[in-house]
Amino acid sequence: MLRKKEIPGFKGGFNLLDTYPLRFFNIIEKVSSDTTPGIFEFPPATQKIEHVVVNLCPTEPWALPNWAIFGHRVNVFFNKLKEIRDRFFPAVQYCIALNNKDIETIAAARNFAGSEERVRVFPLDAKYPQDDSVVLSKVVLGVDINFGQEAMSRGIFIMDAQTVSAIYDSCISGNKVDSRFIAVSGTGLKENELVQVQLGTPVEKVLSDRVIEGGKYRVFLNGPLRGKEITDLSYRVNWTINNIVVLREQDYKVMFPLFKSEELMFTTNVHGEVRRCVYCNFCDNICPVDLEPALYYHSYQRGERHKARLYNLERCIECGLCSFVCPSKLELLKIIRECK
Ligand code: SF4
Ligand code: SF4
């Protein structure tokens, strides 16, 4: 395995899993709507696939945990993976990325790999955004892909646990896959739950009866850091949605945010708390690809957003960590996207 110092550009990110441990209390089956459900499809590869990366290393606490797919049968999962490999990718390199604390799955993955040289197991430090496709491709394969570039265009097929399961069910077992598990969590909800959702169901239906009544809240698909916020809750769930996070809106100011003990607490205080850059360098220190996000902010403030390009803007992987840690609640990622 590559060591951190050997990985150009990866400074280590942030361990969200330890900082914000989340528990999911219920597994709900099944939320559906009266629309025709979407169907999972495994599209034929348009490029030659040379590497398959099985990403079993989620780094966000609100992401769907692997156990929702494995149940207590991790070996069954690897048997499915073996059948997929034999059927669809018999001659390619396999990389399996795992959380280095997940001892049971690492053992099962090593058993799956056996003595085959073309299967490699990577127990990783599960700091966010270790599982981002740009970072992961670099770490496990040493391949540079650019943000926004399809990994497939470099011959790399990345799949998570749920995709493995869906490929097996639809292409090997011959079942129709018209739903997926989604992790639903956040301060705006009564409970954190795993919900099996029929594809095509509006987000509104998924959240109905789950949101705490009587307050404003914000809804994010695929996490508040790198996901997208939606205001139109008629948006329909599709296969790309892994999780929905609902955060209660808080619009009060906090005195001396640099010194408050919960400065990394999740808030949505963008309206109530936004203030000037205080040159703390938190954003520079945490950026996983060695950028200096405050420079983008200052270029933007001066009305010189075109100058952001001078500071390697194109290397930003839009992980959102800089916005997340900024004590002034500056929406750095939003600014970065505008500069791009
Ligand atoms: S979003 Fe911010 S922290 Fe993440 S890569 Fe871009 S500049 Fe760095
Ligand atoms: S984290 Fe925020 S306040 Fe601190 S230097 Fe970066 S932009 Fe400025």
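Start by selecting the shell around ligand 2: its residues divide into 13 nonpolar, two polar and no charged (Ala, Val, Leu, Ile, Met, Phe, Trp, Tyr, Cys and Pro count as nonpolar, Asp, Glu, Lys and Arg as charged, and the others, Gly among them, as polar). This is a predicted model, in which local features need pLDDT of at least 70 and side-chain atom pairs pLDDT 80 or more, while totals for chains, interfaces and linings use all residues. Residues are numbered from 1 along each chain as its sequence is written, with chains lettered from A and ligands numbered from 1 in the order in which they are written.

Stay with ligand 2 and show the 15 residues that surround it (C-beta atom, placed from the backbone, within 6 Å). Among the closest are Cys277, Cys280 and Cys283. Helix H8 (282-286) and helix H9 (293-301) each supply at least two residues of this shell; helices are DSSP runs of H or I with at least four residues, strands runs of E with at least two, numbered from the N terminus.

Next, select the open sheet, whose four strands are ordered S4-S3-S2-S5 with parallel pairing (strands pair if DSSP finds at least two bridges between them). Strands S4 (119-124) and S5 (156-160) stand at the edges with a single partner strand each, so one side of each is left without a neighbour in the sheet.

Now zoom in on S3 (residues 93-99), which six bridges join to S4. Here Asn99 stands opposite Leu124 in S4.

Finally, pick strand S1 (residues 26-31): five bridges join S1 to the parallel strand S7 (residues 193-198), and Ile27 stands opposite Leu194 in S7.
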